[in-house]
Amino acid sequence: MLIFAIRRLLQAIPILLGVSLVVFGLVHIVPGNPIDMLMPPEASPEVIAQMKAAFGFDKPLYIQYTLWLWRALHGNFGLSVFNATPVWGQLVEALQNTFVLAILGAALGFSMGIFCGMVSALYHGRWPDKLFSAIATIGVSLPHYWCAIVLVLLCAVLHDWLPAQGMGDDSLPLYDRLQYLVLPVVTLSLIPMGVIGRLVRATVLDILGQDFVGALSAKGLTRWPVIRHIAKNAAPPILALMGLQFGYLLGGSILVETVFNWPGSGNLLNLAIFRRDIPVLQATILVLATFFVLLNLLVDIAQAAIDPRIRR
Amino acid sequence: MSDITLQTQLVSRAEAPAAPPPGYWKSVGQRLLRDKTTMAVSLLLAAILFITLGAPLVTHYDPYVGSVLTRLKPIGTPGHWLGTDETGRDLWTRLCYGGRLSLLAAILPVTISLIVGGFLGILAGYAGGWTGTLIMRTMDVFYAFPSILLAIAICGLLGNGLSNSIIALAVVFIPPMVRVSETVTTQARNLDFVEAARASGTTTLQIIRYHVLANVLGPIMVYATSLISVSIILSAGLSFLGLGVTPPQAEWGLMLNSLRQAIYVQPYVAALPGLMIFVTSMCFNLMSDGVRGAMDVRLNK
Amino acid sequence: MSAALELDPRDRGGPAQPLLVVENLKKHFPVRGGLLNRQVATVQAVDDVSFSVRKGETLGIVGESGCGKSTTARLLMRLMEPDAGSVIFDGDPVGDRHGITVNDMRRQMQMVFQDSYSSLNPRMTMAESIAYAPRMHGLGRKSAYDRAENLLSRVGLNPRQYARRYPHELSGGQRQRVNIARALALEPRMVILDEAVAALDKSVEAQVLNLLSDLKQSLNLTYLFISHDLNVVEYMSDRVMVMYLGRVVEAGPVESIYRHPRHPYTRALFASKPTLDPDRRTTEMPLTGDPPNPINPPSGCRFRTRCAFAQPRCAATTPPLAAPFEAAAPTHVVACHIPEAQVYHA
């Protein structure tokens, strides 16, 4: 088990290196220098050269990469080209806001998905199954940014139930600030719900069809122990999907954050793109992708801890 | 006994002249025709295709010309049955024409990734060894990015525009495509009938063509269809963020974004482009489910 | 039979030359593990195996699962590259500059696999599967399908009924008949049957075995019959070879092996064979324990860890195959150091 964890950890290192290379390389497949894009066309060559030197864009690429990576490992992503504040500070703040949304959205979406999937499987072929299957299909093909707009339409435009945008002032009482969370969290929770529900249904049906469940019932075990056995066997694949989906929520919140004007990492990324703020852009993508890799790593190890067959 | 005697003996035992057996795809088609959901969804998709490609036939307005006098009319306005947008252009017309770019921006990336990713995946799966490892490890790196994030990053850096959004989505879809094709190819490759074909002394290319491709292309195509469903949402999402198609072009994601500003004036009109994205995406999703079911020889006879 | 042999234009060496000669065939698989996935051990799946098959005979190979029977078959068909050793088909070294190519050999030697379902392409009808190889070798579409239908009726399946069926529509026995027809489609001289009847029901198994015997007679085939079922091997074979952990421990004519097994392993194997005949009941000790791990097998004689007669020399040197009772059974060879161990206690 320990050997598996260590080996899996070692495998993550080249992937993370590759990720950093891609993030760094992305900026440089674009023709021209990041500074050229940023500076007004009438800027004098001296000023441009000065700026390049200041941001380190005058050195050869591999030196730039090594320097960038070395600093990034120490949490130093330099200064924002747009407003010259440290990137790291901006990013930490934005990530906190994103995590609040992603964790709540995941918690809500996963529990709804698991519930729907379990009920569908236990009522296989009857009306709850058909209803939840339809909901799952809709959930999978729902453009969540549209869903966000529809929710705003319903709850903020047609009725004045909930605030439509922003995350509220710090000065507001907790209850009022929680109201700002409701719509974004509900929207985000719809992303994983359908996928998780489908997988739970398929996995549970598969396990119900296997011999050992029949054997357990035949042994006279009542409902609960049987369900515990099912849960134990269904957990690994569902866990894996949850890890992936949580990663998507982190990275994919950009559209939802845009609609709700939520000051998270997605919003930061969006702003960085339109401001051509390369350091912020690189840092945001690198940190989110690193989270994603580490998340998958954790899921793999957790899976192996539950199911010894996965350890190889 | 020689070849010749074997031949004559065999011929004498023949009972009926051999008619070539019916193709596998024909029976899949027959099964699809009997599936009500898939047929309904296909009809709906055909209708969407008709109003988008044949837009001039179903509307006489120009999608780019509006009038300040008819700004933001509600649904049911005479002459503009779906209302008008923020510059007074007929929304039905915009939706019809907008589907062209939306479908193009969604289907083209999947096609590119199908060709590139399918090739790489089959190569990795059949060749294995160093080639396979190299391809798969490279894909693992791209897999480390959540798909939307990667698409936004590429698109954001390349600059907005239709072609950049297509490139970005193709890059995003290639890794999962490679993974799926590698998995099915590895499975097919290790089956006894591929071994049997090798044992019958046929060449690698013949084996790939008759045994591997036949068993691998189906699942890959089904996966590609389900990817179109994702691609429609993602490509419209890029436009929604202002990273894809640029104004004044008509595209569902872009329309959704610009009408969003008018949500307090004409709430229902603002939601319409999103509905189109949703319905089209769901149609492709259900169709891929239907095709997958029809292609499974073992399930239905 | 010999008259027919001479008629075959592909017969090069005449009836006296063995159809297949295998010399010192070897295949070791690396075992990877540990933190860095380095090679930590080897599985000696097939180690220094030599034998020959005469024209028109059936050679049976028996042994427990994991003894290298199937690996040997795959090595012969070159579905795997051997690490060492040579295969000579009717006098021509296979894959050698002076011999025949692997593909030429495959036209004359075909194989039937154990799993009747997975060895048929699920997307192809029976006729397509059978016609595939002849078509790829240049036979026209029409003639290939004609041949497929003829072969179907030869293996006892009405082509009108079965030619257009898919594998999942047939029973296991029917599929295995199709597999046999497919193996015959290139008109081979030799067929390797790798556990070809192992997955079938007993009654179906008997039918397929009879079919194989008939086909062998009428088409003048040579069989390499691999099975773990001692009764089936006795029924089918002219000669038998016993394998243990990748090596040949005993080989000889079927009556001699079944009536007077010499190697302690063979005797133990036969003792575990269920029999209803009270006269054939043996006092032999049945085999105990599992076969040793094929990773790092015992030195010297590989059976010594389970052998009641084992002596120090069994661990020191590997016993060669020899014919200890030359006068009585000159072709019956055994790989055992200990003469007392080979005395048959009737």
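Helices (H or I, at least four residues) and strands (E, at least two) are taken as DSSP runs and numbered from the N terminus. By this assignment, chain A has 12 helices and zero strands. Along the sequence, the pattern of chain A reads α-α-α-α-α-α-α-α-α-α-α-α.

The model is predicted: local features need pLDDT of at least 70, side-chain atom pairs count only at pLDDT 80 or more, and totals for chains, interfaces and linings use all residues. Residues are numbered from 1 along each chain as its sequence is written, while chains are lettered from A and ligands numbered from 1 in the order in which they are written.

Chain A comprises 312 residues, of which 38% count as buried (20 or more other C-beta atoms within 10 Å of the residue's own, with C-beta atoms placed from the backbone). Contacts are pairs of residues whose C-beta atoms, placed from the backbone, lie within 7 Å. Among the contacts in chain A with a separation of 6 or more, 72% involve residues 24 or more positions apart.

Two packed helices are described by the angle between their axes and the distance between the axes. Helix H5 (residues 87-122) and helix H8 (residues 174-209) of chain A cross at roughly 35 degrees, and their axes come within 5 Å. Axes are lines fitted to C-alpha atoms, for helices over the stretch in contact; angles run from 0 to 180 degrees between N-to-C directions. The crossing of H5(A) and H8(A) is right-handed (the near helix is turned clockwise from the far one by less than a right angle). The residues of this contact divide into 25 nonpolar, seven polar and two charged. Nonpolar covers Ala, Val, Leu, Ile, Met, Phe, Trp, Tyr, Cys and Pro; charged covers Asp, Glu, Lys and Arg; the others, Gly among them, are polar.

Chain A also touches chain B. The contact takes 38 residues from chain A and 33 residues from chain B. On the chain B side, H12(B) gives the largest share, 10 residues. That side divides into 25 nonpolar, six polar and two charged residues.

Chain C contains a sheet. Seven strands form this open, mixed sheet in the order E6-E7-E8-E3-E9-E10-E11. Its edge strands are E6 (109-112) and E11 (333-334) of chain C, each pairing on one side only. Pairing requires at least two DSSP bridges between two strands. Strands E9 (residues 239-244) and E10 (residues 247-253) of chain C run antiparallel and are joined by six bridges. C:Met243 has C:Val248 in E10(C) as its bridge partner. Helix H2 (residues 69-76) of chain C packs on the sheet, and its direction makes about 150 degrees with that of E7(C).

Terms used:
Two residues are in contact if their C-beta atoms, placed from the backbone, lie within 7 Å. A residue is buried if 20 or more other C-beta atoms lie within 10 Å of its own, exposed if 12 or fewer, and partly exposed in between; C-beta atoms are placed from the backbone.
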